[in-house]
Each structure stands twice: as structure tokens, then as C-alpha cells.
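Please keep the sequence and the 3D view open as you go through the points.

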Amino acid sequence: MLSPGQVQAWHQDGFLVLPGFKPPGELAALASRSRQIVEAFDPGEHAAVFSTVQPQRLADEALLASADQVHCFFEAEAFDEQGVLKRPLALSINKIGHALHDRDPVFDAFSRDARLAEICADIGLADPRLWQSMLIFKQPAIGGEVRWHQDASYLITEPVSVVAFWFALEDATLANGCLWVQPGGQRGVLRERFVRDAPGGRSLRLEKLDATPWPDSSTAVPVEVAAGALVMFHGMLPHYSAPNRSAHSRLAYTLHVTDGVAGYSALNWLQRLPDDPVRGF
Ligand code: FE2
């Protein structure tokens, strides 16, 4: 799938943009299915607010339960002080995760794209495993910031092997909160890790591993892309996205893949049961 030049750029920069990777029909099918999932969601049962800005507020149990399910997470600013939704439900959801690719036929078809398996082979993954999928709404006006982080903090393998596939379902611009990355930053250190207190434990925490500062505007670049683009990036690459203060949503779908030949940590929050194991493409 990838040209030698693209493979070289991947290794140099830690990310790669493939414009027009997905056709409009597939983007529309995923967006439509996402809205159906939200419409069918009962907020009363799952009133946990998702915020990556304040990880201590994560509802650990809701996150753990989503490992093999399809679960909707609210925006941090979705509720007023009385705990009442400030906006319609459809405009209050931050994301859906984390097993869309295994539990929903529309997402399964979108995710298990033979070209992604070829790309994984091109960049050196021997046995790609699809651990995690997220539909990120980035709602107009209240779509939250995703602070600087490295995905390898959340899917720990030895050696590091996680790769993120980020699909723009709508145009991603500076105004609506596109990705920012630090080109070459994948050669830096892992700054933190998000782990269970023990294997099988149900308490989660973010541990600081290294005090290296996050990138700033002197080294980071925005990745503005049109709908249909695939942005793939290395698990060590620092990335961020600003809040969406525009009038337009910024729908994106992400898939996280690790290499099955690398050791998968028992401390990762995301675990699958032996009778329902992680699968490949
Ligand atoms: Fe990320």
C-alpha cells in the first residue's frame, strides 16, 4: 500500500497522512450509524463524564466495562451544576468506545479494511491486533480539548508497538479542533503511563514516568485534513487537539493496533477475556 517514500516519511516523522483514503459512502455510513447508537443510548444508566483533561475524574468502572462493549461517554461540559444536560443528548456525547470494531457490523466492515493490514505489514507490524476503536464527535462549541499525550501510555506493550489510525469523517481544521503532532517526537521518551493498580485490579491511575515537557507551538504542527483522510501515527508520537469552539462538529474515528509479537501488559486498562480475544484484520 505504501510507497518507499511514504514508509521513509513514516519512520522519520512518526506520522503519515493519506488523503482520500475512505470514500464518501463509507464516511456517511459510519456517521449515520454513530448517530443511531447515540439515539439508542440511555444516559440515565451511564451518567459518567469523560474528561481527558482531568483523568482522576474518569469513571473507572464505566471505562473498564467499555473494553468489549459499545459505550457512549459524555463531554466534560455536558451537564450543568444540577447534573442536567445543557444540550440535546445528540450534542452532548464526547465519544463512543471501545469495541465498535468487534460489536457493530458497520464499524467492523469499516475497520477490517484489507488495505490497513497491508499498511501494517509495510511499517513492520508482524501480527496486528485491533484492540480499540473510538468514534470521537468533537461537538460544535463544547467539543473538549484532548491534552498532549502519547497513545503508548494507554496501550503498553514490550517493546512499544501501538499504531493509531485516525480517520477524518468530516473536515478537520484549526477552527474545529484538528490534530496537532510533533514531527519526529516518536523518538522521544514515554512521559507517563495509564495503568491498573495491579493485574486484574479495577483502580486506574496515570503515572508520571518522565518530566520531559510536552511540545509547544515552536515544534508542533497542525494536521488539517479533508474528510476521508487517514492520519496514521506512531504510539510514541506526542499529539493533541484543541477544543472545538466552532459551529461545526469534527467527527473522527480511531483504531488502535498493537503487534501480537510484543508482550501486552497485564496492567493495561484494556483487557479482553480468553473466550473473546483481541483479533486482527
Ligand atoms: Fe491519542
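1. Among contacts in the protein chain between residues at least 6 apart in sequence, what percentage join residues at least 24 apart? In this predicted model, the share of such contacts that join residues at least 24 apart is 83%.

2. On the overall form, the protein chain contains 6 helices and 15 strands, and its C-alpha trace spans about 55 × 40 × 40 Å along the principal axes. A compact globule with 281 residues would have a radius of gyration near 19 Å, and the 18 Å found for the protein chain agrees with that. Of the 281 residues, 52% are buried.

3. Turning to the metal, the iron ion has as its protein donors H149 through NE2, D151 through OD and H239 through NE2, at 2.1 to 2.2 Å from the ion. Along the chain these donors follow the spacing H-x1-D-x87-H. Since D151 sits in the loop between β5 (146-149) and β6 (157-158), while H239 belongs to strand β13 (residues 239-241), the pair ties together parts that are 88 residues apart in sequence.

4. Finally, the second largest pocket holds about 200 Å³ of space, and its lining includes L64, D68, R196, R202 and W269. By class, this lining consists of 5 nonpolar, 1 polar and 4 charged residues.

Technical notes
Residues numbered from 1 in each chain as written. Predicted model: local features only at pLDDT ≥ 70, side-chain atom pairs only at ≥ 80, totals over all residues. Heavy atoms only, no water. 1 Å grid on protein atoms, 1.4 Å probe; cavity = no way out; pocket = protein on both sides within 12 Å on 5 of 7 lines; lining within 4 Å. Points joined across faces, edges and corners; volume = space filled by probe spheres on them. Nonpolar A, V, L, I, M, F, W, Y, C, P; charged D, E, K, R; others polar. Donors = N, O, S within 2.8 Å, 3.2 Å for Na, K, Ca; no water. Helix = DSSP H or I, 4+ residues; strand = E, 2+ residues; numbered from the N terminus. Rg over C-alpha atoms; globule rule 2.2 N^0.38 Å. Buried < 20%, exposed > 50% of the residue type's maximum accessible area, 1.4 Å probe, protein only. Contact = heavy atoms within 4.5 Å.
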